[in-house]
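Work through the exercises below with the sequence and the 3D structure at hand. Each task is followed by its solution in steps.

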Amino acid sequence: MEDTIAGVSTSLGVGAISIIRISGDKAIEIANEIFSSINLSNVPTHTIHYGHIHDKGKVIDEVLVSVMRSPKTFTTENIVEINCHGGIATTNKVLELVLNYGARLAAPGEFTKRALLNGRISLIEAEGIFDLINSKTEKARKIAINQVDGNVTKLINKLRKELLELLANIEVNIDYPEYEDVLVVTNQMIYKRMEKTKIQVHNLLKESENSKIIKEGIKTLIIGRPNVGKSSILNKLLDEEKAIVTNIAGTTRDAIEGTVNFEGILLHITDTAGVRKTDYIIEKIGVQKSIDLIDENDLIILVLNNNEIISDEDIDLIKRSEKKKTIIFINKNDLEKKTDIDLIKEYNVVEGNTLTTDGLNSLKKKIKELINLDQIEKSDFNYLTNARQISKLKEVLKVLVDIEKGLNNNEKVDMLEIDIKIIWEMLGEIIGENYSEELLDELFSQFCLGK
Ligand SMILES: Nc1nc2c(ncn2[C@@H]2O[C@H](COP(=O)(O)OP(=O)(O)OP(=O)(O)O)[C@@H](O)[C@H]2O)c(=O)[nH]1
Ligand SMILES: [Mg+2]
């Protein structure tokens, strides 16, 4: 029998109410010890009761208590939630009483862990709950709720079901070759099924890659020579005077960071010290840092000055950024053109300025294009969202390719069957049909207390 756990489910701070959640066999019994007004042991399930929490006759708080009996609860165990007044002292006092009467303080994520272990939710749904709590944008919230709702699980279960049917047919063929009314599984049939599965896995994988962007945002670097307008661009994108802007080359000495919600995607932008050769030690360190930061970012906005010719330093920076999604932004297009665009025509080049309200529109449009925002917008947000799920799905794709090779080499059906089973199992791992204790520890340690 599991012990009874308790935790504060709302964030600890000053607020109108706090919820103390108790889950386990003794949840109702424990609540009854400290709750006056009615006896909770006989109340119907899923009911709310008004009363007081008391400690040896002294009133601690005026509360509402929800009683939810097993099995139709989040953890499938008995759950009592005490809605007390917010504020640290009251919340802690009520929790302390609950613990004094026999509950144990829940570990981070332990309620959700119980929901998982008791079969109430799948691993993928548990991961979705974690994402939901941590969503910072509307798009991130949407993919998380789809996981919690089990949409992705349904999708993968469908794939598994189809594979299982195929496996069953193969088995019958192997075990009862003499039966005439049994469907004979040909390599052609396996090929067709594998092809279909591959397309679905491939699509899910492609879409899921967007989920990282939606969940975590995009690390964006603004880089370029001094005085080209990098800090002005940062300020415009953030709509805030974050960085100092002057006409003195070398104004920015250290990296400056800011985050903006760009049409539903978080851009984590870093403005850097202008890159040039210098003997001045502090500036030199800043310049090196700017260059090093290229590797750490996903999107590079490389800024040139429309009023200057393209220098060797510019070309050097362009070469260094080649492996990244890079936009060359020619700033100050209100001034006379001196840049020779022909030199850089094979890159993503847009121009504009930071003086007018529409001056950065071309840049924004290009950013949208490079991060596939239109595609993200159109999608139904049924994504796999974490690295574990995505890397497993990539493994599935590899095995599918192996099977295809086997089919082309006319490999025996019973050999192919082994690989098909592996895929079926891997898909199961993605939705958490089987998981290791380490994986659970890792996942739930990231949760907040009381969830
Ligand atoms: N004409 C014109 N001037 C601009 C534009 N954008 C920025 N400036 C000016 O260019 C100068 C340098 O701007 P900053 O944003 O400080 O340039 P920076 O690239 O951050 O410079 P460092 O920090 O020194 O590397 C300032 O005087 C800005 O007002 C533009 O689009 N047109
Ligand atoms: Mg600057």
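Axes are lines fitted to C-alpha atoms, for helices over the stretch in contact, and angles run from 0 to 180 degrees between N-to-C directions. Helices (H or I, at least four residues) and strands (E, at least two) are DSSP runs, numbered from the N terminus. The model is predicted: local features need pLDDT of at least 70, side-chain atom pairs count only at pLDDT 80 or more, and totals for chains, interfaces and linings use all residues. Residues are numbered from 1 along each chain as its sequence is written, and chains are lettered from A and ligands numbered from 1 in the order in which they are written.

**Exercise 1.** Describe how helix 13 packs with helix 14.

**Exercise 2.** Which residues are closest to ligand 1?

Step 1. Count a residue as near if its C-beta atom, placed from the backbone, lies within 6 Å of the molecule. Around ligand 1 there are 23 residues, and Gly 229, Ser 231, Thr 252, Gly 274 and Asn 353 are the closest.

Step 2. Helix 8 (residues 230–238) contributes the most to this shell, three residues.

**Exercise 3.** How many helices and strands does the chain have, and what does its C-alpha trace span?

Step 1. There are 15 helices and 13 strands in the chain.

Step 2. Along the principal axes of the chain, the C-alpha trace spans about 85 × 80 × 35 Å.
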